[in-house]
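Me: I have a structure to go through with you. Shall we take it in short questions and answers?
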Amino acid sequence: MPYEMKPLACNPAGMNGLSEKIIVSHYENNYGGAVKRLNAIEQKLAELDWASAPVFVVNGLKREELIASNSMILHELFFESLGASAASAELQWQIEQDFGGMDKWAAQFSAMGKAQGGGSGWVLLAWSHRDRKLINTWAADHTNNFAGATPILALDMYEHSYHMDFGAAAAKYVEAFMNNLNLASASIKLAALKGN
Ligand SMILES: [Fe+2]
């Protein structure tokens, strides 16, 4: 079964400081591109003669499969992360426990995004199953995910996320993203991961 694009989770016309054009372009071209690429890779893998395939072909296809898979998954989370809404009492409590308060968490998350300006990658708020706590994690590309942690909020720092709206001013994009946080969505994900 080929992978299919999920519907766009946020309302692109309802963002505060992010244009509809950039959200739709990001969804169609970058997210859609990842899904198409993943399906093409899966087709190649299905046709592969595993007994005789050269190791560079095996390595290459499996590497590209991981990149495209995580790009698909993280982009879905990115669009779910947009659409200003409030955190549940549980998410607020957990952030208080693990970061010392919402303001301190937001300052750290935002600083991590700005620190990736001019480069590319992801900043993720993730639930560490090992330590049962929330962590802000750094990812230089789609494959750098913290082992044993599940992201509940994703900030895309690839240039395609902001260049159309902000040029090279990545920090302004990070501030706009922080003004559109869908904390209700993150709250639901946290509750599910904690088994509440
Ligand atoms: Fe992206």
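Reply: Start with a definition. Axes are lines fitted to C-alpha atoms, for helices over the stretch in contact, and angles run from 0 to 180 degrees between N-to-C directions. Next, the ground rules. Residues are numbered from 1 along each chain as its sequence is written. The model is predicted: local features need pLDDT of at least 70, side-chain atom pairs count only at pLDDT 80 or more, and totals for chains, interfaces and linings use all residues.

Me: Which residues of helix 4 make the contact with helix 3?
Reply: Two residues are in contact if their C-beta atoms, placed from the backbone, lie within 7 Å. Helix 3 brings Q92, I95 and F99. Helix 4 answers with M102, K104, W105 and Q108.

Me: At what angle do helix 1 and helix 2 cross?
Reply: Helix 1 spans residues 20–47, and helix 2 spans residues 55–80. Their axes come within 9 Å. The crossing angle is roughly 150°.

Me: What pattern does the protein chain follow along the sequence?
Reply: The protein chain has 7 helices and 3 strands. Read in order, the pattern is α-α-α-α-β-β-β-α-α-α.

Me: What is the radius of gyration of the protein chain?
Reply: This radius is taken over C-alpha atoms; the globule rule is 2.2 Å times the number of residues to the power 0.38. For 196 residues the rule gives 16 Å. The protein chain is close to that, so it is as compact as a globular protein of that length. Its radius of gyration is 18 Å.

Me: Is N39 buried, exposed or partly exposed, and how is that decided?
Reply: N39 is found in helix 1. A residue is buried if 20 or more other C-beta atoms, placed from the backbone, lie within 10 Å of its own, exposed if 12 or fewer, and partly exposed in between. N39 has 15 such atoms within 10 Å, so N39 is partly exposed.

Me: Which residues is N39 in contact with, leaving aside its neighbours within four places in sequence?
Reply: The C-alpha atoms of N39 and Y3 are separated by 6.3 Å. Along the chain, these two are 36 residues apart. The contacts of N39 are P2 and Y3.

Key
Helices (H or I, at least four residues) and strands (E, at least two) are DSSP runs, numbered from the N terminus.
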